[in-house]
Each structure stands twice: as structure tokens, then as C-alpha cells.
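Hi everyone, thanks for coming. Have a look at the sequence and the structure on the screen, and then I'll walk you through it.

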Amino acid sequence: MASVQPHRVRPGRGTELLLLVPALGIGIAGYVLAGLGATGAVPPHVIAYAAGTTVLAVAVHLVLRLRAPYADPVILPVVVALNGIGLAMIYRISIAYAARGRADANIADRQLAWTAISVALAVAVLWLLRDHRTLRRYTYTAMVAGLVLILLPLVPVLGQTINGARIWVRVGPVGMQPAEFGKIALAVFFAGYLVTHRDTLALAGKRVLALQLPRARDLGPILLVWAASLVVLVLQRDLGTSLLFFGLFVAVLYLATERTSWIVIGLVLFVGGAAVAAATFGHVGARFDVWLHALDDEIFRRDPGGSGQLVYGLFGMASGGLFGTGLGQGRPDLVPFAYSDFIVAALGEELGLTGLIAILLLYTILVSRGLRTAIGVRDGFGKLLAGGLSFVMAFQLFVVVGGVTRLIPLTGLTTPFLAYGGSSLVANWVIAALLLRISDEARRPVPTVRAVATPDIGVPVSAPGRSRPVGGGRSTGRTGTPAVGTPVVVGSAPVRTSTVTPPDGPERGPASDDSPTEHLDHASDTDERGETR
Amino acid sequence: MNTPLRRLATITLVMFVALMGSATWVQFFQAESLNTDGRNVRTLYREHGNARGPIVAGGEAIATSVPVDDPFGYQRTYSQGDLYSAVTGFYSIANSRSQLELAENDQLTGRSDQLFFTRIRDLLTGKRPEGAAVETTILPAAQQAARNGLGAQHGAVVALEPATGRILALVSTPGFDPNVLAVHSTSEAAAQYRALDQADGNPLRPNTHQERYAPGSTFKLVTAAAALESGDYQADTPVPSPDQLTLPQTSATIGNFGGGSCGGEQVSLADALRTSCNTAFASLGMTLGEDVLREQSERFGFLDPDLAVPMPVVESVFPSDLDQAVLAQSAIGQRDVQASPLQMAMVASAIANGGRLMTPYLVETVRAADLTIVSQTDPEPYSDAVSSATASALTQMMVGVVDSGTGKAARIAGVQVAGKTGTAQTVEGQPPHAWFTAFAPADAPRVAVAVIVENGGNLGNEATGGAVAAPIARAVIEAVLAS
């Protein structure tokens, strides 16, 4: 970086509004085309549908203007586009189901209602949660909530076994998959817990070969979560969720400690657990058979635990080929659960490989914006939370699409934003809201520091806007800064004097560990320490 | 924490690239094999979603796809299912298809390369693709006459136009109603299929071209043709015709029908055919030799595994490596000689057409949905089965069979009919198969026909080709001549 120019950070709300136009357009056009393709007529309520989705999207946009003006302008449009594509596909499948006289032909209307509820909750999160660091106060509450949510389906009466997996809870007419929300709670807990304990996990312990082994007592939590994942796997027969929790934990642990050893340990534990599970439990072993020998006639016809559904999905995608059959012109209703677990196969059939890759690219953009937010945000908790939430979304997509395309064994999980299902949609919109909230923090300029960073001025200028004093009472130390552009080698003691932009994040000022709670745990808990050490 | 975040970003990117790779693998590299997988019902469903072309006989659709309000969109409907079951076959979701529904599938679905431009136009104009119409050579009146003639008896009738090879009638009994297999309920269709598959008389397999029988005395036409073609025989050449013929190296004998005599120790070849003299033709076969007989039968279409009309026709058999005893029996159409009814119609048709056998065919034209002709079958010679001199000699001999021989039941006032009866012995204790093959008018043939009634039909052990099969052939001939 040659010089530090006090450049204006653009909030990006205009860009967002502009991007919302094509994002909404994709969903609405998809809806119309699905109707045209399947019934030959424009859906009768298309105006109301277009108006409704537009109102929902613009509502979030307006809340962002008011409450998170610096939030990443790309996240919302991508989410709106994905949600719209999902609605169009579900509508298309509902037409096919209605033609076959199936009872579940109302899925499109229900998903639309869930979209409205999801957006309302996302708006509530953005409105009420002014600072994501507030969540850190609820670290242990989140842990308890997370565990309760995960284990809730095991409660007699409440829990329901559907299609062999006990992942549902039904209260009166409303059913939900609590694990979807448990995912968020655990992400909060992991981020809060690990940001506190990262040093002991990272530094204490023996070094064996190239691996830094943690101490046994620090190994406790990972073993606990590993055990919890196994409980989910065994008692709820839910491979996907246990895989998801474990992946989330290992990823956040790695982010916090920067120790590859944790990934290795995590993978060893997981592979070990999976191997034992595959050997011990019939349904896990069956999944592996199905994965490896899906097209064998014996496996195909095996009931239960055959590869029929998977193979029907593959048939669907194959019939779509490169460019798809066109919306409304394929036969996605031939694939069981085409509207939920297998919506990727339905999209692959009607939109083709081209459409499927476009959708995957949308997810790539979404996840990369989430991880960018994690890199950009200044506090460790925010980094872990944004990183964890982004990764869990990416990992969930990987597990679902990888399962459907036979890259990995099939596990039941929903495709974020696309698949039918209230719990999933609400949870993912809340995740999007949290990422938007954190990205607002990440992209918000820190004028005070920028002013200091210009040597000519020499005097810290307190900037209006954010009234919080940055960096506690040590701001005077910043006057004697070295030349701009010279990397400051920080010694053993963490000193926050560098005005040099750390290697990754030119738009950011130096460490500003301005969360009071951070100081309680770790005075030195900043990311720069980690970067320059 | 930014370094691991960057690494994590790389990992997610790798995961997504892997997903795109696996999607490409499924949708591009594997697509072909998945699309052609036998368990993939999608192709069938897609065909059902399109208007499958009709099958037409005499200007009337005998198989059509009718729009219905269910997920398949169209219901295959057969207007006179039982009558045309040997022609159309069936088209079913649960059990795939047969006969023309199978053989002309690409045309009926519109997937044929010949329909490429029609398809492109449909694609551009957004029209739902429609299959082509397959117009058959069937003459409904002849088909109906054959069906009526067979009635409840198990058997088959094939009528050909000798000059072209067009199949005018193709009836197999018992037939079946393809409508019961075309139902969209797979379980119901499967149950119906099982029932038909196990039904007496094997209705799903048309006797006309997928079943073969001992041709019995009708095969004497082939033996007589071989004799005439050898140049050593004329219609009036005397041949030995003992009352009993002891087969060489055996104690077995061949006798004549009803144990009777053929009219002396020697009769003319013409008389031998007229009275269907077994001993004469058995000794004639031994004189001519196996190779001569097989070669002659091949020129009539025997031993051809590739014959298709367009449905594949079961190969008719003339055995090889025969000792004299077996050869004698083969010469009169017994033992291992086996012929499909279509094959015997071809024999008659070759004789009718001056010795030139025309390739039989069932599809006249294929028309795209806009009525343009996609393809038209041109008559093609199959072989020169016999010389025209032999053909005319055989014709005269066959006229004798109908006028004053075993085939009097086929006589039609004012029309000279040439024919040959056959009463083929089957397994011990079972009534014989009754055959009759004929053509008419003898001087300018418009139709050649072969009829078989299995196990004597209504007459049982009393049956002969002349009594049971000849009247059916006459009815078919009359129907063709009347049209």
C-alpha cells in the first residue's frame, strides 16, 4: 500500500437497490415461466406475487438503510434471487402435484407464507440487534438453547419421526425442524466460547511430530460436540445434521486457533465415528452402499434403504442435460421430495447444467461475501460468527448438492433458501440477517483512525459519527507512528500502535478492540496480533 | 484469524468447484447412459406427454393418442383392439410395447431423424412436438373377413398383394385388447399383462409372424417347385405314388391321408399335388435331395433370420443333415420343417407373381403431423423364387387342387382360385393343424393368402385344411376382390 488516502466508503444501498431489480426479476420471471411451461398460461395471481415479493425485498432494503447502512450490498439481492428461484421451482412442482391430485399441492402457497415470515424475522433481527457483539453475552445461553433445540425431537410426544429421521417437532398444527435453529445457536456458542479460549487451545499442549496437540482438558469441548453429533446421528438417524454440526465446530475451532492439528483431529474423529457408525448401524452402512453402487439393480430395488430416490434424481438431472427441459417442461414430480431435499435435481432437470451452475455461483457469491465480512470485521467474535455462519451455509450446500449428485453419500438436508420448509427458510434468512448485521460493522468506516493514519495531520482527530473512543485511552500513542507503509513488527506485548493497515484489509484501521467484553477476556484479543506475529 | 479465514474461503471454493464438477459429471458425461437406462421411465413419460402419432388402416386410425386430463396427458386408444392386435401390438407404460408400436416407435414419437426438420420447426414455433402417422397396408375388409373366419378358433391369417408384397390382412387369434395394457395405472397394466402372458394361445405373440408350425402339405408347393425347377419334371411327369412308402433304414412307413391311394403306383406330379399325395412327394423329396429342397425353400424366404415387415418375422426352418427317412418326411412339411403363416403366404404370393417374390411390408407411408409424407415404402423384390414357367405350371396345378382336389371349399363362382391344403400332424394325440394357402384370380392374382387353424379348430380330429382353413381363405379372397 503506497499511501493512505482517506477514501470514502460507500454504504452501498444504491447498489443494493439496483441489484434487487434483476434479483426480483429472476424470481418473478421464473414464476411466470413455470406457469407457462407447465400449464400453458401465465399464473393468474402473478401480479400479486410480484408485488408481494417486491414489497418483502424492499422492506429489508429499507430496514438496512435505517439500521445497517453499511451492510454488504450483495448479500440481500443474492438471497432474494435464490429465494425467488426456490419459490418458482416449488410453484412448478405444486402444479404437477395438483395435476396428480396429490394432497401436498399447496406447497407453493405455504412456502410463500414462510418467505413472508422469514423476511419479517430477518427484519426483526436487523432492527432489534444493533450490534452483533451483544450476542456474545449469550454464549452459554446459546449453548443450552442449541443443545435443547438439537435434542428436542427426542422428547416423546413432541418429537416426530418422519421418513425414518427423528428431526421434527410438532406443536399443534405447526411442525418445525429445531436443528435448523440449533445451527444458529451453536454458531453463536462456538464463536463466543472459542474467542475466549483460543489461546489455551492454540498454545497449550505437546507437540507431536508436526502437530500441536491440545491438552486433554481442552479437548473436552470437541469431544463433547463429537459425542453430541453422534447422539444426533444415532438417536435421530440424521446423518446430515450431525455432519453439519461437526463441520461447523471444526471450522470455527480452526478459525479460532489457526491450528491445522484441530482439523486433523476433527477429521480423524469424524472418519472414525462414521466408520464405526457405518459398521454398526444399518442405515448408515446402507447410505454408503447407495452412494457407491447406486446404479446396481439390487441396490436400486432394495427397500428400505435403496438408491431409488437418488437414481431418480440422477435421471432427472441427466434428462435436463446442458440446457434443461425448460421450466415447467420436465418431470421433476417423478423424483421423490423434489421440492425439498431434491430440489437441486429438479432445478438441474428444468434449468440444465447451465442453470445449476448459475445457482451454485450465486451461493459462491453469497458465501464469499459472508467470509469477506468475517475478514473485514474487527472483533474476534464477529469473525468467528460470520466465518462460522458462512461456512455452515457452504457446507450445508456441499452436503446436499454433493449428495444429490453422488459426490458424497446422500444425507438428508435442505438446500438453503431453495428447498421447501419453514424452519430452513426462517433459519437461513436469520443467518442472512446476522451476516448483514456483521457486514455493516465490517464495512463501517472508522474515521478517527483514518485521520491518525495520515502523517501530515499528526494529531488524532476525533471524527463525528461514532462517538465511541477507539482503542480505549491509548490513542495518544498513535502520534509517533512509523512511516506509512512500513510494516510494524509488533513485539511480544500486543501494542496497538500500528497505523499501518494490516496486510488484509486496506479499508480498515488498526485494531480497534472496542468491545468492552473483549477486554474482560483478553486484553490482547485482536486479529492483528495473530496476523503480524 | 484472517489467514485461516482465507484458507476457509479457499476450501469453500474448492467444495463449490467440486459440486460443479459432479453436476457436470451427471448432466453431461453420464447423461447419455442415464437417459438410456432401462429403469428410467422418463423417456416413456416424455413420449406420453407428446401426441404419439396414429396408426392408420384404410384411412381409419386404429391406434390414436387421445388427450386426457392426467399427468401423462395422452391416452393410447385402440378403436378395434382385438381385430388389429397383431398389427398394432400394444403400447404400455408398465410393459413397454410391441409390433408396430415398437417397430415404428421413432416415427410415432416423432424422434426419427427423418422428422428432424419437423422437430426443429416445432421447437422454434413453440408447438408441442407431435409424432408421425404410420399408415399401414392393411385392407380393413380383408382383415375383418379373416377375423370373422377364424372366430373363436386359434390360428392366423396372412394376406399379401403378390405384385407388391403389401400385407393386406394380418390376423392372429386369440387376439387381445391393447387398451387394457395401455391404461396408465402401472399396477393394473402389469396385472393385465400377466394375465395375457399366461393366457391360453399366447395372445401377446401374433401367430402370423412370430409363431411357426409344421406347414404340412402346403410345403408340397415348395417340393413341387423344386422338382419343376430341376428341369427333370413337368406337371404331367409321372411320379411313384405307392399306398405305403417304407422309409429307408427304418420300419416306419408314410401313408396317404386316410390310408387311401393316390390312384395307382404312379401319378402325374399335378395329380399328386391335387390329391396331396404324401408318398409321391416323400419319394420326390428323396430323389431331389436335401440341398435342392433347402435351396428352394430359401428362395421362398425360409431360413432368413433378418426378415422384418417391419416387425421381425420368426425364421422359418428347413433342416439340414437329413437322412433319407427324415428327408422324406420333410418333403411333405413334417418333422423339423417349420414355417410361419406369413412364410406360407409368401410361397403362394411368389407363385402368383410369376415366380418373383416381393418383400412383404406392412407400412405404406409415414406422414408427419402436417400430413407431408416422411417416407413411403416402395415394393422391392425379395428373390426370384421360381421361373415364370414353373410359376405358371404350379398355378395350373393349384387351380386343380381347388377345382377338383382337396381344396374345393375355396371355390368362388366366377373366379379361378389356386390353392393348396395342408393338414399337419402335431404331437401325438393332438388334432392336426389345418392349413390352406391360395391366391386369386389365378390368371391375374390380386391376393395371396395363408390360413392356419391350430389343432383342427372347431372340427378337431376331423379337420382337414380343405374343410377348416379353405373357407376362411375364400372369405378373405372374396373381401379383397370385392374392394
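Let's begin with a salt bridge in chain B: B:Glu135 pairs with B:Arg367, and their closest N and O atoms are 3.0 Å apart. B:Glu135 sits in strand β6 (residues 133-136) and B:Arg367 in strand β14 (residues 363-367) of chain B, so this pair ties together parts that are 232 residues apart in sequence. B:Arg367 counts as partly exposed, because its relative accessible area is 25%. Please keep in mind that we are looking at a predicted model.

Now, how many salt bridges are there over all chains? The count comes to 22.

Let me show you a few in chain A. A:Glu180 and A:Lys183 meet through their side chains in a salt bridge, at 3.0 Å from N to O. These two are 3 residues apart in helix α6 (residues 178-203) of chain A, so about one helical turn separates them. Are they buried or exposed? A:Glu180 is buried, with a relative accessible area of 6%, and A:Lys183 is buried too, at 2%.

Another salt bridge joins A:Arg444 and A:Asp440, with the closest N and O atoms 2.7 Å apart. Here A:Arg444 is partly exposed at 22% relative accessibility, whereas A:Asp440 is buried at 1%. The cut-off matters here: buried means under 20% relative accessible area, so A:Arg444 at 22% does not count as buried.

On to the disulfide. The whole structure has 1 disulfide over all chains, and B:Cys262 and B:Cys277 form it, with their sulfur atoms 2.0 Å apart.

While we're in chain B, take a look at B:Ser330, which is found in helix α15 (residues 324-331). B:Ser330 is buried, at 0% relative accessibility. Leaving aside residues up to four places away in sequence, B:Ser330 touches B:Phe219, B:Phe318, B:Pro319, B:Leu322, B:Arg335 and B:Val337.

Let's step back to chain A as a whole. Chain A has 18 helices and 5 strands, and 57% of its 533 residues are buried. Among contacts in chain A between residues at least 6 apart in sequence, 70% join residues at least 24 apart.

Finally, the interface. Chain A brings 60 residues to the contact and chain B brings 34 residues. Together the two chains bury about 4200 Å², 70% of it on carbon and sulfur atoms. A:Tyr254, A:Phe315 and A:Arg331 supply 15% of the area that chain A buries against chain B, more than any other three residues.

Notes: Residues are numbered from 1 along each chain as its sequence is written. Chains are lettered from A and ligands numbered from 1 in the order in which they are written. This is a predicted model: local features need pLDDT of at least 70, side-chain atom pairs count only at pLDDT 80 or more; totals for chains, interfaces and linings use all residues. Side-chain values use heavy atoms; hydrogens and water are left out. Contact means heavy atoms within 4.5 Å. Buried area is the accessible area (1.4 Å probe) that two parts lose on being put together, summed over both. A disulfide is a pair of cysteine sulfur atoms within 2.5 Å. Helices (H or I, at least four residues) and strands (E, at least two) are DSSP runs, numbered from the N terminus. Buried means under 20% relative accessible area, exposed over 50%, partly exposed in between (1.4 Å probe, protein chains only). A salt bridge is a side-chain nitrogen of Lys or Arg within 4 Å of a carboxyl oxygen of Asp or Glu.
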